[in-house]
Amino acid sequence: MIEAGDWACLEDAEALAQKAAEAALAVTYEADEEFEASVMLTDDAQIRELNRTWRDKDKPTNVLSFPAPEQPGATGPRHLGDIALAYETLVRESEEESKELAHHFAHLIVHGVLHLLGYDHEVEAEAEIMEGLEVKALATLGIADPYRDMAA
């Protein structure tokens, strides 16, 4: 769902989001369980509002994830939750880090899906696990390790 931002410049964002989400699921699950998630593409103003409301952080961020509780007995694909991405932050980070916009977008979708699955990066040990899964998922999409250049 596109709420705000100039997302038209990212060609076929929906298909890329689908592939990135599937890559994240593929590196974390072996079962044939079906999943779904909602993705909202928005701008810095709206994501700042979400960040302030839900995280008490009055600033924009690149991606927010809102995990859904499991629904015992529900039929159909399991709804993992919702992901929101901010256009201006995505573009700015892509430029600052010399990354292709589509690659950074895919990385943030993978990152968001991993959060929906319960992964986190608040402590170093958890961050290493999550980053390793991100790198593995992105590699299946032909995207280089986004952390490689950051460590230099």
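User: Which residues does Glu93 touch, not counting residues up to four places away in sequence?

Analyst: With those neighbours set aside, Glu93 touches Asn62 and His104, where contact means that heavy atoms come within 4.5 Å. This is a predicted model, in which local features need pLDDT of at least 70 and side-chain atom pairs count only at pLDDT 80 or more, while totals for chains, interfaces and linings use all residues. Residues are numbered from 1 along each chain as its sequence is written, and side-chain values use heavy atoms, with hydrogens and water left out.

User: What does the side chain of Glu93 make with the side chain of Asn62?

Analyst: The two side chains make a polar contact at 3.1 Å, a term that stands for a pair of N or O atoms within 3.5 Å; within protein, one atom must be able to donate a hydrogen and the other to accept it, and residues adjacent in sequence count only if both atoms are side-chain atoms. Along the chain Glu93 and Asn62 are 31 residues apart, and their C-alpha atoms are 8.4 Å apart in space.

User: And where does Glu93 lie, and is Glu93 buried or exposed?

Analyst: Glu93 lies in helix H3, residues 87–96; helices (H or I, at least four residues) and strands (E, at least two) are DSSP runs numbered from the N terminus. Its relative accessible area is 15%, so Glu93 is buried, given that buried means under 20% relative accessible area, exposed means over 50% and partly exposed is in between, with a 1.4 Å probe and protein chains only.

User: Switching topic, which residues does the UniProt "binding site" annotation cover?

Analyst: According to the unreviewed UniProt entry, the "binding site" annotation covers His111, His115 and His121; positions from that record are given in the numbering used here, feature names are shortened, and annotations may be inferred rather than shown by experiment. His111, His115 and His121 from this set are also taken in by the lining of the largest pocket. On a 1 Å grid over the protein atoms alone, a pocket is an open set of points with protein on both sides within 12 Å along at least five of seven lines, and lining residues have an atom within 4 Å of a point.

User: Where are His111 and His121 found?

Analyst: His111 is found in helix H4, residues 101–116, whereas His121 lies in the loop between H4 and helix H5, which covers 124–140. His111 is buried at a relative accessible area of 13%, while His121 counts as partly exposed at 34% relative accessibility. The side chains of His121 and His111 make a polar contact at 3.3 Å.

User: What else is His111 in contact with, leaving aside neighbours within four places in sequence?

Analyst: Besides His121, the contacts of His111 are Val63, Met130, Glu134 and Tyr147.

User: How many residues of H4 are buried, and what does it reach from its first C-alpha to its last?

Analyst: In H4, 13 of the 16 residues are buried, so this helix is largely enclosed by the rest of the structure. H4 reaches 23 Å from its first C-alpha to its last, close to the 22 Å expected at 1.5 Å a residue, the expected span being 1.5 Å times one less than the number of residues. Just after H4, Gly118 takes a positive phi of about 105°.

User: Which residues have a positive phi without being a glycine?

Analyst: Asp56 has a positive phi of about 55° although it is not a glycine, and Ser98, also not a glycine, has one of about 50°. Asp56 lies in the loop between helix H2 (44–55) and strand E2 and is exposed at a relative accessible area of 73%, while Ser98 lies in the loop between H3 and H4 and counts as exposed at 68%.

User: On to the strands: do E1 and E3 run parallel or antiparallel, and how do E2 and E3 pair?

Analyst: Strand E1 (residues 35–42) runs parallel to E3, with 8 bridges joining them, whereas strand E2 (residues 63–67) pairs with E3 in the antiparallel sense over 5 bridges; two strands pair if DSSP finds at least two bridges between them. In E3, Ile83 is the bridge partner of Val39, and Leu85 is the bridge partner of Val63. Strand E3 itself (residues 78–86) has 7 of its 9 residues buried, so the rest of the structure largely encloses it.

Key:
1 Å grid on protein atoms, 1.4 Å probe; cavity = no way out; pocket = protein on both sides within 12 Å on 5 of 7 lines; lining within 4 Å.
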